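Subject: Handing over the model

Hi there,

Here is the structure I promised you. My notes on it follow below.

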Amino acid sequence: MFERTFNHKIIMCPRTKDQFEEIRQKSRENIENIALKLFAIKGYHATSISQIATKAGISRGLLYNYYKSKEHLLDSVIMKVYDEIMQIVQMSENLPAEKQIEQMIVKTIDHLKKNITFWKLYLFLVHQSEVHKKLTELYEKMRDEYMNYVVKLFEEMGSKNPAMEALMLGTMFDGIGLNYVTVPDGYPIDEMKSYLLETFVNNKKG
């Protein structure tokens, strides 16, 4: 009797604000992952809110509690990518400049390897014309933030042309990502990581 009463109290115990927020965040992540997959495979316009809700195992009305519209959901998917990239760029900002560049290279390549399905879907998504237009402004903002941050790092390292080195590193990230996501089997991604470290970190020491 005591055990039944005790268990009943646990079940009926109201959730805390933090618990509700954690549940809400997990629901948003699930919805956004499903939306990314459907947008990439079926196309943004061909994917409906109802299809996303069904795949997520929730009602259409509940999905609208999280996102005002399909466009709002797309914005959230895109911003998730932006936030992940900028976190990698700035995650070691308390370290010396050369260590920051080193960590940026290592974390970027490792993130690409661990999340290849995510980046493959994202690549399919960004090549849709209606999505590409929406990404242009955000891409320019991300490029400016990346350049401003990384240029300063190369300046601290004594680079003769920090802007060009920052641009070159960013371009190489783009190229490596595109090639690895398109044809991962046989692509020498670990060797490319070593090459980036040798070119942009080791050769600068001393």
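What volume does the largest pocket have? It comes to about 1,200 Å³. A pocket here is an open set of points on a 1 Å grid over the protein atoms alone, where a 1.4 Å probe fits, with protein on both sides within 12 Å along at least five of seven lines; lining residues have an atom within 4 Å of a point. The volume is the space filled by probe spheres set on those points, which are joined across faces, edges and corners.

This is a predicted model: local features need pLDDT of at least 70 and side-chain atom pairs pLDDT 80 or more, while totals for chains, interfaces and linings use all residues. Residues are numbered from 1 along each chain as its sequence is written, and side-chain values use heavy atoms, without hydrogens or water.

The largest pocket is lined by 33 residues, with Ile-85, Trp-119, Tyr-139, Met-142 and Asp-174 nearest its centre. Helix α8 gives the largest share of that lining, 9 residues (helices are DSSP runs of H or I, at least four residues, numbered from the N terminus).

Now to α7 (116-126), one of the helices that supply at least two lining residues.

Happy looking!
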